[in-house]
Every structure is written in C-alpha cells, then in structure tokens.
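Here is a walk through one protein structure. Take a look at the fold before reading on.

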Amino acid sequence: MLFRCVLCALLLLPIGVAAKPEKLYWGHVYETSEPLHKWALWAAKQIAERTNGRYEIDVFPVSMLGKEAALNESLRLGSVDIIYTGTSFIAQLYPPFAITDMPYIYAGYDHWVKFNNSTLFKELAQGYSEKTQGNHIVANNYYGERHVSANVPVNELEDMQGLKIRVPNARIFKLFPQAVNANPTPIAFSEVYMALQQGVVDAQENPLPTIRAKKLFEVQKHISLTGHMLGSNVTIVSQRRWKRLSPSDRLIFEQVLQEAALNVSQETRAHEEELITWFEQHGVSVHQVNKSVFRQATLPLHKPFITTIGQQNYDRLLQLNQVEE
C-alpha cells in the first residue's frame, strides 16, 4: 500500500520538474582576477552540466570562508566540500609533502610537470588521504616560480654575496639565500615595498605576477630569473563529500578538476613569460641566470629535511628530471 502511495505521488509531480541540485561549497583565498578562481568557476559549471544539474557548486574567493588554515579545518569537518590550498599546509598534516616546497628541488617548470604527472605525486596524495581519513587530492595547480628582484643585477653566484634579501619568516625560505651567501631577512609581506624603498633590504624574492601586482618593480630595477622555488596549490575534495559521490560522479569530478588544474597551470606559465616583456617595457632589467650553478649550491642544504620527507621520495623526485615514469 505504501509503495502505491509513493508511486502515485511521483506520477502527480509536474512533468519536467527536476530534483533539487545538491549544493557544494568551494573555498579559497585567491583574488577573483587569478586563474585559480577563473577555472574554479569553469569547473563548477562543467560539473553541473556533466551531472545533468545534480550538483551546484558555489565558489567563494578571497578568504570569504576563512583563511587557509581555517579552510583546511573546514575541509576536515566537512563544512566545505572543495578547497585550494598550498602544499605547505598539506605538509603540516602529512610531512613528506614538504618535498614540493624545497628550493631547487625542481630543475625548472618541465621538471614540475613531470612530478605532477608521476606516480610519486599520486603516492604522496594517497599518503595524505590516509592521514586525513579520506580527504582526496584531485589535482595540482602551478602557482609560479619565485625570482629575485634587487637594486643591482644578480647574474652570478658571487652577486648574491652579502645581499640583504627579504624572505617570509619560515625556515624553508631561508635556505636559498643561505646557500648563496646572501643575508635572509624576514619581513612581513605588507612591509616589503617600504623596506625596499627605504633600503632596509637590498632585494626580495617572489613570483613575477606578485612583483607586478604589489608594484615592487617601482623600487627595484633588476629582476634575476633564479626560479629557486616553484609554488603549487592542490585541489582537494573533503572526505565527507568524496565518500558520498558515486563512482561515476567521482570520475566526472576528477576529470573536470584535473582539466581545470591543467588550464590554471598553462595560463599561469604563459602569464609569467609575458611578464618578462612587460617588465622590460616598464624599464626593469630582466636577467637570465645559469640556474644550474645556483641549484648545485643549494641542494646540499636539503640534507636536514630528508629524514622528514623520505630519502626514497627525495631521490625519485630528483631523478624525474632525467627520466619519465
């Protein structure tokens, strides 16, 4: 009798009325102008279309759902379904992921791409998933190379000698300056422009888009393309949401979010290359350097970190520069 009543109720529904879509929340800390946000919006629309409207994803940029630490906590609690987060936050929960933030661990962008497509990346992602009871790293997004800007040209290793360079107040960021005999000087990011302008420091290091956005080129007339660190942001689906997705929906989410990450990475890389010309047009001298010399000086300082990240992981990542997995 109950079955008949339910069936009758369904038959009485107006033709064409679809089930209400399930609402998902995607939080991140980045500006609406950045590729990360642009392709998050695209991914939300694609998932809605490819699942016939069964999911509606709202994307909240610029820390609207909290700063990065809060977003990672919300992901754990399941109150946020998807986030972007830097690999340094992943490493706080799963230390082997710190390997991705070490200076000159990558020989260049192509090396980063090989890692991104490697079984090593998949294994690290799985380790994080197990550590967090199921948070699922779906994709890796390239965020840019960090380069040195200074009051003087930096072309050779010797040019870094004694250079007072602003860095974030974290041990990992001090390694490169220490390796090349510069003087790492932690200063709050909000104070960098003034510190450069007043000569408190001689140099700083950041990705080219940041140097432009924060107008640091106004007080620094030389940029040296050291490329000493390559940043990443991973796309993660919460364990609560991932467990609720059907196998077919998981496949759709993975395909869309990985495609979005590829577009983020390619667009970010293209923008970096365009900015070299832009800086030169605005009176900034951009210097190509022999990265291998800087890299060989830096790699020995990795040794204290290898216990945390694992010798095998470390060796495999370095070897990816020579071979395909």
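This is a predicted model: local features need pLDDT of at least 70, side-chain atom pairs count only at pLDDT 80 or more; totals for chains, interfaces and linings use all residues.

**Aromatic rings**

The count comes to 16 aromatic pairs, where rings of Phe, Tyr and Trp (its six-membered ring) pair if their centres lie within 6.5 Å.

Residues are numbered from 1 along each chain as its sequence is written, and side-chain values use heavy atoms, with hydrogens and water left out.

Why are Trp 39 and Trp 42 separated by about one helical turn? They are 3 residues apart in helix α2 (residues 35-50). Helices here are DSSP runs (H or I, at least four residues), as are strands (E, at least two), numbered from the N terminus. An α-helix has 3.6 residues a turn, so residues three or four places apart point the same way. Trp 39 is buried at 15% relative accessibility. Trp 42 is partly exposed at 22%. Buried means under 20% relative accessible area, exposed over 50%, and partly exposed in between (1.4 Å probe, protein chains only).

Phe 97, Tyr 106, Phe 115 and Phe 121 form one aromatic cluster.

**Two helices meet**

Two packed helices are described by the angle between their axes and the distance between the axes. The axes of α6 (residues 119-131) and α14 (residues 311-319) come within 10 Å and cross at roughly 145°. Axes are lines fitted to C-alpha atoms, for helices over the stretch in contact, and angles run from 0 to 180 degrees between N-to-C directions. On the α6 side, Thr 119, Leu 120, Glu 123 and Leu 124 take part; Asn 313, Arg 316 and Leu 317 meet them from α14. Contact means heavy atoms within 4.5 Å.

Which residues of α14 are buried? They are Asn 313, Tyr 314, Arg 316 and Leu 317. These cover an arc of only 165° around the axis, so they lie on the same side of α14. The arc is that of the directions from the helix axis to the C-beta atoms. Their cover includes α5 (109-116), α6 and α13 (306-309).

**The whole chain**

The protein chain has 14 helices and 9 strands. Of its 325 residues, 51% count as buried.

Definitions and conventions. Rings of Phe, Tyr and Trp (its six-membered ring) pair if their centres lie within 6.5 Å; planes under 30 degrees apart count as stacked, over 60 as edge-to-face and the rest as tilted.
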